[in-house]
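This report describes the fold of one chain and the surroundings of its ligand. Please view the sequence and the structure together while reading.

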Amino acid sequence: MDKIAIINLKGGVGKSVTTINLAAEFSARGLGVLVVDLDKQANVTKFYNALDYDKPSTADILTCSKDILDVVCPNACKGIDILPSNMRMLAANKQVLTDVSNVPQQTRLGYAFDRVEDRYDVCLMDCPPDLDMGSINALCSADWVIIPVDCDEWATDGLREVLEHMQCLRMYHNHRLKLMGVLLTKYTRTNAEKQVAKDVAELGVPVMTAMIRYTVKVKEARSAHKALRDYAPGGTATQDYADLADEVLDVLGLDVSNVDTEKRGAQ
Ligand SMILES: Nc1ncnc2c1ncn2[C@@H]1O[C@H](COP(=O)(O)OP(=O)(O)OP(=O)(O)O)[C@@H](O)[C@H]1O
Ligand SMILES: [Mg+2]
């Protein structure tokens, strides 16, 4: 299972939209996909109609109170399993920090993944706009990181901090962690975007070749609880997410013509 954390300290840049649409693209190519919601806002969980305050959630994995197999919602959407979130992530984040047990705080999600490693091809982790214990657990368990950056004013705010944190976590907790690239989102071909691309290039970080164009279809699709490929086939951002999926699979070296169709989740 290749694990990808989708993170940026800046809010509203397209982390959740990217998670949802990459998951749909991977699933459509026959891959077994696990989506992990680490954000107390639970936007991805809500998209899959899986929000339930009283059911086990990712919070229980951080606090070591549930087995991952008791948390996973199988087949939340066309072959995609999810680890749902809810507002209990708020308390879980505090609890992890004050927990005096012997279980390391940063690697709890990673240990949980060991139980499902063979069940999925790809795991996508949607992080909150914060470096809380959820995000830190995501970075400590991930193989790869994608950082969506919206083509807007102050676009690169927080980028340096994510990169510094990655460097630190790579050194002490997760030697495998690699940046796949910055993903430019809400692209409209203006001078602002050229400046964002220049600012990112100055930081010396890789940038994904695929860029996600701005379109109202993104919001409409989310309100309809549909992935772009189902809501707006042939649309601009639909094509962009398909291109991004191909690019990511290329980096992962995953050959979709040769996938093990037995890897289809928890059930
Ligand atoms: N390519 C796009 N074109 C138009 N609107 C977009 C695009 N991508 C995202 N959006 C819109 O931007 C808003 C934020 O997107 P999203 O929720 O994915 O961001 P986020 O980074 O996950 O936010 P948060 O940090 O709050 O979790 C949403 O209203 C979404 O519809
Ligand atoms: Mg989000």
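Which helices each supply at least two residues of the shell around ligand 1? They are helix 1 (15-28) and helix 10 (216-223); helices (H or I, at least four residues) and strands (E, at least two) are DSSP runs, numbered from the N terminus.

## Basis of the model

This is a predicted model, in which local features need pLDDT of at least 70 and side-chain atom pairs count only at pLDDT 80 or more, while totals for chains, interfaces and linings use all residues. Residues are numbered from 1 along each chain as its sequence is written, and chains are lettered from A and ligands numbered from 1 in the order in which they are written.

## Ligand shell

Ligand 1 is surrounded by 20 residues, the closest being Gly11, Lys15, Ser16, Val17 and Pro129. A residue is counted as near the ligand if its C-beta atom, placed from the backbone, lies within 6 Å of it.

The shell comprises seven nonpolar, eight polar and five charged residues. Here Ala, Val, Leu, Ile, Met, Phe, Trp, Tyr, Cys and Pro count as nonpolar, Asp, Glu, Lys and Arg as charged, and the others, Gly among them, as polar.

Seven strands form an open sheet with the order 3-4-2-5-1-6-7 and mixed pairing; two strands pair if DSSP finds at least two bridges between them. Strand 3 (73-77) and strand 7 are the edge strands, each pairing on one side only.

Strand 1 (residues 2-6) runs parallel to strand 6, with three bridges between them, and Ile4 has Trp144 of strand 6 as its bridge partner.

## Strand 2

Strand 2 (residues 33-37) has five of its five residues buried, so it is largely enclosed by the rest of the structure. A residue is buried if 20 or more other C-beta atoms, placed from the backbone, lie within 10 Å of its own. Val33, Val35 and Asp37 cover one side, and Leu34 and Val36 lie on the other, all of them buried.

Four bridges link strand 2 in parallel to strand 4 (residues 80-83), where Asp81 stands opposite Leu34. Five bridges link strand 2, also in the parallel sense, to strand 5 (residues 122-126), where Met125 stands opposite Val36.

## Strands 6 and 7

Six of the eight residues of strand 7 (residues 178-185) are buried. Strand 7 pairs with strand 6 (residues 144-150) in the parallel sense over seven bridges, and Asp150 stands opposite Thr185 in strand 7.

Key
A residue is buried if 20 or more other C-beta atoms lie within 10 Å of its own, exposed if 12 or fewer, and partly exposed in between; C-beta atoms are placed from the backbone.
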